[in-house]
Amino acid sequence: MEELLKQIAHCVEFGKINQASPYPPDLKGKDGADELTKKALDQGATAEEILTNALIVGMGKVGVKFRENKVFVPQVLMSAKAMSAAMAHLKPLFASGAAKRKGTFIIGTVQGDLHDIGKNLVSMMVEGNGYEVIDLGVDVNADTFLTEAEKYPHAVIGLSALLTTTMVNMENIVNALKEKNPETKVCIGGAPVTQDFCNKINADLYSPDPQGLVEYLDKLAS
Amino acid sequence: MDYKQTGLSLVKKAFNHETVERIPWVPFAGVHAAKLLGIGAEKYLKSPDLIFKGVSKAVELYKPDGIPVAFDLQIEAETLGCQLNWPDNSPPSVISHPLQEGVKIEDLSIPSASDGRIPVVMEAASKLREKYPDIALYGLITGPFTLALHLIGTDIFMKMFEDPDEVNKVMSFCADVGKMMADCYIGAGCDVVAMVDPMTSQIDPHSFETFVSPYATDIFAFIREKQSLSSFFVCGNAKQNIEAMCKCKPDNVSIDENIPLDYVRDVALENEISFGGNMRLTTVLLMGKPEDCQREALECMDTAGRKGFVLAPGCDLPMDTPPENLEAVTDLVHNEMLQGELRASAATITEVEKLDLSSHWSKDKVIIDIITLDSASCAPCQYMVNAVARASDPFGEKVIYKEHKITGKEGVQMMTSLGVRNLPTIVIDGNIEFISQIPPVGKLEDKIKEYLKSKK
């Protein structure tokens, strides 16, 4: 079993989705995250085991490589796709309450901004690290964030923006959330966002990479 | 100089990676120009007259050396069938990706000059050209990778691994679209064609070289053939690709605050390419005070140096950028004296070691210190030094005067130690006596006599 979990982690790290997928070339024709996860479940592994000892391990490695500029968005997306293939098998088990998650994370791209790569990347990374993710999509206004935050009172909120012209909308959303519940933790990220900006708008965390967010969530959850 | 110095000639010189007398300033006023007219982005970007008026207003306020006609990376995508969403306070964004919705790349054809909003920006470009022959006019085209992303959606990132041939096909098409747009802008009289490809910041150098370099190189070669200048704009942290960007042979690369300017300076100049950027858009230009903006501009200018550099915001200016912030940058760019003063006051804040001046003064002589900016173009500094020289001469050895140029460390230390804040300034025996204005020689002589009375 340990070997199988290692293989799944490897598939996630290098973006091997399933047997048919041609990438990476050195794993061509071999089983991917999809087949191996099914196999692990068939052999008696629990969803939590697979999540903790395979997916989180693989995504963690990609996250660190991304932070260190060793891989970029395309590679991370491939990893995320491999992870999703594995998660497809695990999700029903989590949904039935047969397995537990570490916490809830609500994410959306802010009002006026329709870019979703960064947001999707973060959602997948957070999900791959054992959290339930509520993805509100793109162009999300303060009201929608408020409604969702009320539904999940302990959830951490994530705001994404790609444009300098839209990142300014983060300020209103942070203000609205904090006004409603000062305890709500709000994390921000996206290409133009900086720590300086985070301080200016009183958000709780800026991270230039998903890994930083995962570490923050883990700290809050512990 | 064999030609009149204009904004255009300064930008050309910088693009030719020459050393310039004054660093050219190119504010990327896109939808910000709509704000200057008090209208929304959509109305603005759909009207040649309004673009003409908005850019004219920006030229009037910011006295730029170069300026873009429009900053809208959705124009080409729109003609190719991408749906746009139009928020009021920013450029439109693409909300549908035809190639994801069943359209084949083979079904798409290169847009013509009369499609979509292409004639809108070209008409604005022609009018601006006519009105401002001395400003470098920038025509902005969508870079092939960003356009491919508009067409395919984010699947493009995975397709690079799963279907590289398809990605190459789309990139080749997008490069042809880019050349068509470049041709239109050149035809309308633009001096610089800037290929804006922000999405390349998201990929690794290997993917860049595989999927972007061949097409970007092709576009820049085309622009060169047309005897126009080219620039490669990228927003976001594209540090990993700067070297590869230079190898595509644009005349200039322009970057934002995510990449250290000194790094780009070194890579660009080594590749004999001009470079530009990278004033912080949001935290400084949008949210800062005019003086913060001046300091930011000065820091960029001092880091970059005068060789091959174009001062610009990192990317499209946020719509609500306060005009006074940009006007402050304009003031700074045109005022070397102000640059010197800011430099010196910044030095006061950071720890400049103050000089021990105890042995500087004399019991029987009057000591005059003149703090100046060393520059042939700083006429007041020269006149002030001359005035002091003439006033001191009759007193022979009784008066000692010295010029301290704040371009050197000693000058800055002297300025700080004497508490001088403006340039040029005359200090007599440690007292600030004349600021900025050059005193008549007679008045200076009287002052010296006063000080001499207290000497042995």
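A residue counts as buried if 20 or more other C-beta atoms lie within 10 Å of its own, as exposed if 12 or fewer do, and as partly exposed in between, with the C-beta atoms placed from the backbone. Keep that in mind, as it comes up a lot below. This is a predicted model, where local features need pLDDT of at least 70, side-chain atom pairs count only at pLDDT 80 or more, and totals for chains, interfaces and linings use all residues. Residues are numbered from 1 along each chain as its sequence is written, while chains are lettered from A and ligands numbered from 1 in the order in which they are written.

**Where chain A touches chain B**

- On the contact count, 27 residues of chain A meet 29 residues of chain B; being in contact means that the C-beta atoms of two residues, placed from the backbone, lie within 7 Å.
- Helices H4 (73-95), H7 (164-167) and H9 (195-201) of chain A each supply at least two residues of the side that touches chain B. Helices (H or I, at least four residues) and strands (E, at least two) are DSSP runs, numbered from the N terminus.
- H4(A) gives the most to this side of chain A, with five residues.
- Sorted by class, this side of chain A has 16 nonpolar, seven polar and four charged residues. Here Ala, Val, Leu, Ile, Met, Phe, Trp, Tyr, Cys and Pro count as nonpolar, Asp, Glu, Lys and Arg as charged, and the others, Gly among them, as polar.

- Most residues other than glycine have a negative phi, and most peptide bonds are trans.
- Tyr23(A) and Pro24(A) are joined by a cis peptide bond, with omega at about -10°. You'll find Pro24(A) in the loop between helix H1 (2-14) and helix H2 (33-42) of chain A.
- Asp139(A) isn't a glycine, yet its phi is positive, about 55°. Look for Asp139(A) in the loop between strand S2 (132-135) and helix H6 (142-151) of chain A. Asp139(A) counts as buried because it has 21 C-beta neighbours inside 10 Å.
- Asn202(A) isn't a glycine either, and has a positive phi of about 60°. Asn202(A) sits in the loop between H9 and strand S5 (205-206) of chain A. With 11 other C-beta atoms within 10 Å, Asn202(A) is exposed.

**How chain B is divided**

- Chain B splits into domain 1 (7-334) and domain 2 (366-453), with bounds that come from an automatic or database domain assignment.
- The C-alpha centres of these two domains of chain B are 47 Å apart.

**A buried helix in chain B**

- Nine of the nine residues of helix H7 (144-152) of chain B are buried, so H7(B) is largely enclosed by the rest of the structure.
- Among those buried residues are Phe145(B), Leu149(B) and His150(B).
- The buried residues of H7(B) pack against several elements of chain B, including helix H5 (75-79), helix H8 (155-162) and helix H11 (213-225).
- After H7(B) comes Gly153(B), with a positive phi near 85°.

**A buried strand in chain B**

- Strand S4 (136-142) of chain B has seven of its seven residues buried, so S4(B) is largely enclosed by the rest of the structure.
- In a regular strand the side chains alternate between the two faces of the sheet.
- S4(B) pairs in the parallel sense with strand S1 (66-68) of chain B over three bridges; pairing takes at least two bridges found by DSSP. Pro68(B) stands opposite Tyr138(B).
- S4(B) also runs parallel to strand S5 (192-196) of chain B, joined by five bridges. Here Ile141(B) faces Met195(B) as its opposite residue.
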